[in-house]
Amino acid sequence: MYLFFYVAFPFLCFSQSKTINYGWQYSENKTHWQTVNIPHTWNAKDAFDDEAGYRRGLGFYEKQIFVSSKEKEQIFYLKFNAVNQEATVYVNGKKITNHKGGYTAFNVEITSFLKFDAYNLIEVEVDNSHNDNIPPLDADFTFYGGIYRDVELIKVPKQHFSLKDFASDGFYVNYYNVSNEKAGVKVKVLIDNFEDKTNTYLELKIFDADGNLIREEHQGLKLKGHETKTVEVTFPEIKNPKLWSPDNPCLYKLQLTLSDKNGTVLDQKLSNLGFRWTTVDAEKGFFLNGKPIKLIGVNRHQDYKNYGNAVPIELQKRDIHLIKNMGTNVIRFAHYPHARELYELCDKLGILVWTEIPIVNKVTDSETFFEVSNTMQNEHIKQYYNYPSVVMLGYMNEIFLRLAFDRKSTEEEKKALKTTTLKLAKQLENLTRSLAPNHITVMACHLNEVYNETGIANLPMLLGWNLYFGWYDAQIEDLGKFLDDQHQRYPKRSLLLSEYGPGADVRIFTKTPKKFDFSTNYQAKLHQSYYKQITNRLFMTGMTAWNFADFGSEFRGDAIPHVNQKGLVQYDRTPKDIYYWYKSVLDEGVPFIYIVTDNLKGLTVFEEEAFPVQIYSNQNEVNVSLNGNNLGDFKVDNGVVSIDMPFTNGNNSIAVSTESISEEKTIKVNRIEAFDFKNFKRFGINLGAHFNFYDEAQNIIFVPDQEYKKEWFGYKNGSALGMTKDKNQGLPHNIKNTDAEPLFQTLLEGCTEYQLDVPEGNYNVKLYFVEPQIKSTENIYNLSEQSSESNKIQRIFDVYINDGLIEKQLNLAQAYPEKYGVTLQAIIQTKKGLTLKLNAIEGLPVISGILIEKID
């Protein structure tokens, strides 16, 4: 069962930390064990399968470590950088700690539990079950269970920088009198002494960006027996400091050294120093180092395709480089603290950080919930305090969301919950201001008046609004109207657009983007408009797009099941087109051109039809050619030029150039002048849809549907039923037996005849069906409320092609009680085209798609 791990630290007094990530044993039941490495989660697969739900419960981890008797005089700690969500730790069979909360680190001192010159058993019981006393209680992301960040075994001398203060570094850096002319540094240091009174020596040094020593302070310390001593050191001001900013992230270094009376180094720490100051102004926005700066950036979740939340740190660091490369200057680590290595990278790259704890959607009125929440914020602030990039500290997100959709509680119960929530918010706001006086407090709200009515919106220094106009609510242009109204009503509040964005699937594109169609075109339309609306409003501090990357949300039914697809990049971090548009408006450093054709795989156009193509650039003007023909010079507005391209059949070359840069792309186009199957063999139609869908499995584009057109194809009756309604209708999602959800999520309902005027010949015909199981909901936020049996509509119909019976009395709801993608297939010989008939026996027939292939 066990794999043994030998810990052999060099025999020095100097403190050391070793990751012990390899060779753990893991079990769901303490019977069947497997070897795993940390980071690890047990939900990397089951949160994405066809079955509803994912395993939330207990997981057991074990590891044997050998500790030499040569280390008997040292103090040993275990450090867990994150375990989701409750961890109980045992050493040699004895319980030593329990930690609640899945996104912050915790330390535990284990010296007295160890056996020397022997193997020691480390056991960790992990639980990601729902727990009313541990936030988050409810959220639009998956709560992966497991030990998903590093585990460290730390050895320190009996005098060392404290590891007891909420798993912090044992020191806190503060700044005073920071300006262009001068800057001061104060350091609060905590030192633990594990033996009788003794003398030590503390040395602090500051080095500039070039490594030159510019300040140092020395103190001799008398430590009482078994105490934690607090020491405060103030450095003389530094003249003419180089200020830290996104454009010039200049970092100084602080080195702390603790020595014994003989000069032997006991412990040493390093920290980045960044001289900067930030303020918010309700009329003029955000200021960094006394200068206005519009914050434009992204939110980020930590999970990654095929990894869940157990993501190798190097992959995570690539995220931060991608975010910086886009030209952004701010990141919101949502909705919980992320790996500390990423904050250090933000220091180095120059990205301002909003970081927060995961109190999301609702709270519990219990003493334990309040205690856990306050502990989380203590851990959060103290573990992330010293990063210069961290300027905003948050504690709640959309905290009244579930209350807004609560139809079961009485008005008295709702009133009590509002009071409880406000009470907790005040505690956390006061705690944050007290512990982190040089930071800006933040909170994010969803579109609801309850935040104003309760007064909770008045608490933070900066209020974030998560707004989805043009997606969940109203229309795109209503964003600015709402913000203007809020600013007029509450002129002393500083505002930031903390979330926004539509879902987008790179397999979906269209000439006519519409609300909720998941097309990359609608994603571009919304983001481009939002950017203008925010940058045109001086009072808005900025905007953070939701989300940097697609992320796991098990209950969701977007175009890809169990994945929230609002990312600017895909779940595997392949950029979507919109990523490059942001680069065109944010990155002014190097001339840039991007031609938006990557998603137009196998584009099909008809007769004289032209297809619009966008070009992104940070230049003022571009010259465009198609297949060697110069289309002219075009002014770039808001980072984009849109041109209707008259593509020819076959490969088409688009060339774009300026005086300093050029770019060329080739796109293959299937131009169909007649529905004759001469230059194509297969033809797919996405019934009920206005968009193209690329089916990767079959390598074909399903074209948008249309009303019947003679010598072509189309429906003769029926109505479209699809994803583009103003209100989510609970159309089929998480469909079994297919990866082509967008083909099934739009349907024709009540269509009894569909005509395809194909030439004489033999055809393989595939028909695609799913039972939509329609329900009515007000908002996609309610997606977790599944439709009940009573919502199902009985549909029974016969399926004919050219009067030949294909399926008798097809009853999808009865045959497939769970949503299931059904394909009917037939070989048809015809001299007169193809006529599909759906003869209704009961209810209205539905059909999702048609694929026909001419057989030679």
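Is N638 buried or exposed, and what is its relative accessible area? In this predicted model, in which local features need pLDDT of at least 70, side-chain atom pairs count only at pLDDT 80 or more and totals for chains, interfaces and linings use all residues, N638 is buried, with a relative accessible area of 16%; buried means under 20% relative accessible area, exposed over 50% and partly exposed in between, with a 1.4 Å probe and protein chains only. Residues are numbered from 1 along each chain as its sequence is written, and side-chain values use heavy atoms, with hydrogens and water left out.

N638 lies in the loop between β41 (629-635) and β42 (640-645), where helices (H or I, at least four residues) and strands (E, at least two) are DSSP runs numbered from the N terminus. Most residues other than glycine have a negative phi, and most peptide bonds are trans. The phi of N638, however, is positive, near 55°, and A474, which is not a glycine either, has a positive phi of about 45°. A474 is found in the loop between β31 (462-466) and α7 and is partly exposed, with a relative accessible area of 35%. Cis peptide bonds join I38 to P39, with omega about 10°, and P135 to P136, with omega about 5°. P39 lies in the loop between β4 (34-36) and β5 (58-67), whereas P136 lies in the loop between β11 (118-127) and β12 (146-147).

The axes of helix α7 (residues 478-489) and helix α8 (residues 520-535) come within 9 Å and cross at roughly 25°; axes are lines fitted to C-alpha atoms, for helices over the stretch in contact, and angles run from 0 to 180 degrees between N-to-C directions. The two helices α7 and α8 are therefore roughly parallel to each other, a description used for angles under 35 degrees, while those over 145 count as roughly antiparallel, 65 to 115 as roughly perpendicular and the rest as oblique. Their contact, defined by heavy atoms within 4.5 Å, is made by L479, G480 and L483 of α7 and Y530, Q533 and I534 of α8.

A second pair is formed by α3 and helix α5 (residues 411-435), whose axes come within 10 Å and cross at roughly 25°, and α3 and α5 are therefore also roughly parallel to each other. Here F369, F370, S373, N374, Q377, N378, I381 and K382 in α3 meet T420, K423, L424, Q427, L428, L431, T432 and L435 in α5.

V363 has its place in the loop between β28 (352-356) and α3 (367-383) and is buried, with a relative accessible area of 7%. Residues up to four places away in sequence not being counted, V363 touches L137, F369, M396, I399, L417, T420, T421 and L424. One of these, M396, belongs to the largest nonpolar core, of 183 residues, in which M396, Y582, F683 and F769 touch the most other members; such a core is a set of buried Ala, Val, Leu, Ile, Met, Phe, Trp, Tyr and Cys residues joined through side-chain atoms within 4.5 Å.

Apart from that core lies another, of 28 residues, among them Y175, L202, F235 and L266. L202 is also one of the residues touched by V231, which is found in strand β19 (residues 228-234) and counts as buried at 5% relative accessibility.
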